[in-house]
Structure formats: structure tokens, C-alpha cells
Amino acid sequence: MSALTIFSDQDPCAPLWESRDGDAIAAELSKIDVRFERWQADRDLGENPQPQDVIAAYQHEIDKLVEEKGYQSWDVISMRPDNEQREVLRTKFLSEHTHGEDEVRFFVEGAGLFCLHLNGKIFQILCEKNDLISVPANTRHWFDMGGSPSFTAIRVFDNPEGWVAHFTGDKIADAYPRMGE
């Protein structure tokens, strides 16, 4: 189940606010211009879906985002516990960074933890199957896929180059709870 936990960026031990209610999560995140919606990931994609099959199954949803926001490209990220690069990628994504564009993800299976650092707070959003999240450009954040990652998400970009990160060098992510911990 999706969840939002908000912490002070000075105290990773005492949550300021928590909810598992999708409407409450969307309302709280809208205050910081983060889009959070519950869509329907209702296509049977099989055990280990191929990117082209995921895109074909959800092209109608991608088209809505493209029409609404003018996004230029999209791809699929899929991670499984047996992926040999999982630790390298987890470490990379756990480093606080920004993007010059919105970071848009639609989870069609599994889960991941987005952690946003803004306004003196840390917003940890557990995104699961059916969740669409759009993190505004230039928002400091990190992503945790867990030690045994299992998710598939469609990534939508303004930039035809795809995922381009600008790392902040801040080690704040090391202080906050991680997925599955």
C-alpha cells in the first residue's frame, strides 16, 4: 500500500506526518507541487515483462501525459532481485540529486521509495503498483529500490536524452530510513 511519511530534515527519527490514504497523500504532496495519482495498472504483463510490451500496454496513459505536458520520450525501468547491477544502481539512485525536468514515474508492478528534500523536510513516498508520481524539476531527491528490488515503472521525460542527474554531494539520504528497513 502506498504511503507518505514526512520528517524534519534535521530529525530522521520522529515522523511529523504519516498516511496510507491515497487521497490524503495526493493532497499533502500537492502542497509542494508534486503530482500523485492512482492509475490502473491492470494489464497482465507476465513474470518478466519486456519494455516494448509494457509501453504497448500503457501507451494510452503515456499519450495522456504527452498531450497534457508535452513530454518527448519515455522508457521502462525494470529491476529484479537477481539483477547483477542492482547494488550499483541502488547506490547511484540513493545519492541526492536533481533533474532539469520533472521526474515522472508510473509503477505498473512492484514498489520504490521516492525521498524528496525541500522546505526543511524529507517527504518519503512509497510508490507501488498503480501509482503515478511527478516530482518537479530541480527538486532535491533520491530513490530507494530496496535491497531486493522488484518493480517495473514507465519513465516519462521532457528531455529526449532521458534520465540525467545532477548530484548534490549531500549525504542526507544516509540518515533516513530505507525501503524495507
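Which residues in helix 1 are buried? In helix 1, the buried residues are I25, E28 and L29, where buried means under 20% relative accessible area, exposed means over 50% and partly exposed lies in between (1.4 Å probe, protein chains only). The views below show a predicted model, in which local features need pLDDT of at least 70, side-chain atom pairs count only at pLDDT 80 or more, and totals for chains, interfaces and linings use all residues. Residues are numbered from 1 along each chain as its sequence is written, and side-chain values use heavy atoms, with hydrogens and water left out.

**Figure 1. The buried side of helix 1.** Helices (H or I, at least four residues) and strands (E, at least two) are DSSP runs, numbered from the N terminus. The view shows I25, E28 and L29, which are buried in helix 1. They lie on the same side of helix 1 because they cover an arc of only 95° around the axis; the arc is that of the directions from the helix axis to the C-beta atoms. An α-helix has 3.6 residues a turn, so residues three or four places apart point the same way. The buried residues of helix 1 pack against strand 1, strand 2 (17-19), strand 3 (35-38) and strand 7, contact meaning heavy atoms within 4.5 Å. At the start of helix 1, the backbone nitrogen of D23 has a side-chain oxygen of D21 within 3.2 Å.

**Figure 2. The largest nonpolar core.** A nonpolar core is a set of buried Ala, Val, Leu, Ile, Met, Phe, Trp, Tyr and Cys residues joined through side-chain atoms within 4.5 Å. The largest such core has 23 residues, and L29, F114, L116, F123, I125 and F151 touch the most other members. Two or more residues each are given to this core by strand 1 (3-8), helix 1 (22-30), strand 4 (73-79), strand 6 (103-118), strand 7 (121-128), strand 8 (131-135) and strand 10 (151-157). Strand 6 supplies the largest share, four residues. In soluble globular proteins, nonpolar side chains tend to be buried together.

Figure 3. Not counting residues up to four places away in sequence, I125 touches A3, L4, L29, F36, G112, L113, F114, L116 and I133.

**Figure 4. The annotated binding site.** In an unreviewed entry, the UniProt annotation "binding site" covers H97, H99, E103 and H141. UniProt positions are given in the numbering used here, feature names are shortened, and annotations may be inferred rather than shown by experiment. These residues are spread over 45 residues of sequence, yet they cluster in space, with a largest C-alpha distance of 11.4 Å. From this set, H97 and E103 belong to the lining of the largest cavity. On a 1 Å grid over the protein atoms alone, a cavity is a set of points where a 1.4 Å probe fits but cannot get out, and lining residues have an atom within 4 Å of a point.

**Figure 5. Side chains within the annotated set.** E103 is in strand 6 and is buried, with a relative accessible area of 6%. H99 lies in the loop between strand 5 (97-98) and strand 6; H99 is also buried, with a relative accessible area of 4%. The side chain of H99 makes polar contacts with the side chain of E103 (2.7 Å) and with the side chain of H97 (3.3 Å). A polar contact is a pair of N or O atoms within 3.5 Å; within protein, one must be able to donate a hydrogen and the other to accept it, and residues adjacent in sequence count only if both atoms are side-chain atoms. H141 is found in strand 9 (residues 140-144) and is buried, at a relative accessible area of 1%. Leaving aside neighbours within four places in sequence, H141 is in contact with S95, E96, H97, T98, H99, E103, C115 and L116.

**Figure 6. Two asparagines with positive phi.** N130, in the loop between strand 7 and strand 8, has a phi near 90°, a positive value in a residue other than glycine. N130 is buried, with a relative accessible area of 14%. N138 is found in the loop between strand 8 and strand 9 and has a positive phi of about 70° although it is not a glycine. N138 counts as exposed, at 56% relative accessibility.

How values were computed
On a 1 Å grid over the protein atoms alone, a cavity is a set of points where a 1.4 Å probe fits but cannot get out, and a pocket is an open set with protein on both sides within 12 Å along at least five of seven lines; lining residues have an atom within 4 Å of a point.
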